[in-house]
Amino acid sequence: MKRWGITIPLTGVPLAAHEDMVRELPDLGYTDAWSAETAGHDAFTPLVLASQWAPQLRLGTAIVPVYTRGPGLLAMSAATVAELAPGRFVLGIGASSPVIVKNWNAAEFEAPFARSRDTLRFLRSALAGEKVTEEYESFSVSKFRLERPADPPPSIMLAALRPGMLRLAAKEADGAITNWLAASDVPKVRAEIGPDVELAARIFVCPTEDKAAARGLGRMLISSYLTVPVYAAFHEWLGRGDALAPMHEAWAAGDRQKANQVIPDEVVDDLIVHGSLDSCREQVQSYVDNGLTTPIIALLPTGEDPFAHVRGLAPR
């Protein structure tokens, strides 16, 4: 099945104002609606609403951090959405980043690989309705059982950037979720998980033919995200280490303005889809052509009507 996803809620649009658009998504050709979780809306509430507005859509979180909720609460939240969207909910989990986990949520960001793996294993058991008592490497659980396990239990996908986590996703999860990559990077990621594993990616799309404006916004986003150690390591692995070294140097020196300025145009153009609506749609399709299973469009604001952009980016 060809998948085509959109990130909800849209930037700057009140959550309740999404109803008409979400109801329209299946008729436009969208198959999926995915949420995110940083410092805006939580990941689950928009999907609860979408489950009632458009029962045809598959819904997913990309992603929920494994540190910011206890294991039991994470299982309860997932089971709730899975009950509302039976067979149509994907729980995407991942390590997130020290800023979100430690600075904003007062949790320790320790052993991200182990915590992600252990949370995945716990959720497999808990969401199946089992009573879980287990000493995992990164935490322990005693006698937890969901009172309302969903039937069927939701799929679980794992956020993964580099080979170790990608292979874990391929081996133990129902798929891998990645982020901040170019269409040309997809084959390298795909090679780590094999041909049959679902691979989803959030793709940042700025539908404007004003290259300077798109690149300006893109540079701000790139310097904010790719200076995070896990993303820096990801792009080193992908081969952009030298191209991004001046940005990292300026960022480390505290000069954010220079960090933005020294990001090469070609890096911005690789990582931020921009241009006309037709061009943007074709660029998203190129990710699919290169091996991506599920593109998740993250619409960047341009000052124009975002709902019109959603319609214009629908698959042809």
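Where is proline 9 found? Select proline 9 in your viewer, and you will see that it sits in the loop between strand E1 (5–7) and helix H1 (19–28). Keep in mind that this is a predicted model.

Isoleucine 63 lies in the loop between strand E3 (58–61) and strand E4 (64–65).

**Step back to the whole chain**

Zoom out until the entire protein chain is in view. Colour by secondary structure and you can look for 14 helices and 12 strands. The radius of gyration is 19 Å, close to the 20 Å that the globule rule gives for 316 residues, so the chain is as compact as a globular protein of that length. Turn the model around: along its principal axes, the C-alpha trace spans about 55 × 45 × 35 Å. Of the 316 residues, 54% count as buried. Take the contacts between residues at least 6 apart in sequence: 72% of them join residues at least 24 apart.

**Into the interior: methionine 157**

Select methionine 157, in strand E8. Is methionine 157 buried or exposed? Its relative accessible area is 1%, so methionine 157 counts as buried. Show its neighbours and you will find that methionine 157 touches, among others, Trp34, Val90, Leu91, Ile177 and Glu198. Then pick leucine 199: the C-alpha atoms of methionine 157 and leucine 199 are separated by 9.1 Å, although the two residues are 42 residues apart along the chain.

**Follow the contact to glutamate 198**

Glutamate 198 belongs to strand E10 (residues 198–206). Glutamate 198 is buried too, with a relative accessible area of 16%. Which side chain makes a polar contact with the side chain of glutamate 198? Look for threonine 294, at 2.6 Å. The residues that glutamate 198 touches also include Arg3, Arg58 and Asp174.

**A helix and its packing: H6**

Select helix H6 (residues 163–172), where the buried residues are Pro163, Met165, Leu166, Leu168 and Ala169. An α-helix has 3.6 residues a turn, so residues three or four places apart point the same way. Display the surroundings to see what the buried residues of H6 pack against: helix H5 (112–127), strand E8 (155–159), strand E9 (175–179), helix H7 (186–193) and helix H9 (229–238).

**Out to the surface**

Now go to glutamate 304, in the loop between strand E12 (294–299) and helix H14 (306–312). Glutamate 304 is exposed, with a relative accessible area of 52%. A polar contact of 3.2 Å joins its side chain to that of histidine 309. For a distance check, pick tyrosine 231: glutamate 304 and tyrosine 231 lie 30 Å apart, C-alpha to C-alpha.

**Two last stops: positive phi**

Select alanine 106, in the loop between helix H4 (98–103) and H5. Its phi is near 55°, a positive value in a residue other than glycine. Alanine 106 counts as exposed, at 75% relative accessibility. Finish at lysine 143 in strand E7 (residues 140–144). Lysine 143 has a positive phi of about 60°, and at 63% relative accessibility lysine 143 counts as exposed.

Definitions and conventions
Residues are numbered from 1 along each chain as its sequence is written. This is a predicted model: local features need pLDDT of at least 70, side-chain atom pairs count only at pLDDT 80 or more; totals for chains, interfaces and linings use all residues. Side-chain values use heavy atoms; hydrogens and water are left out. Helices (H or I, at least four residues) and strands (E, at least two) are DSSP runs, numbered from the N terminus. The radius of gyration is taken over C-alpha atoms; the globule rule is 2.2 Å times the number of residues to the power 0.38. Buried means under 20% relative accessible area, exposed over 50%, partly exposed in between (1.4 Å probe, protein chains only). Contact means heavy atoms within 4.5 Å. A polar contact is a pair of N or O atoms within 3.5 Å; within protein, one must be able to donate a hydrogen and the other to accept it, and residues adjacent in sequence count only if both atoms are side-chain atoms.
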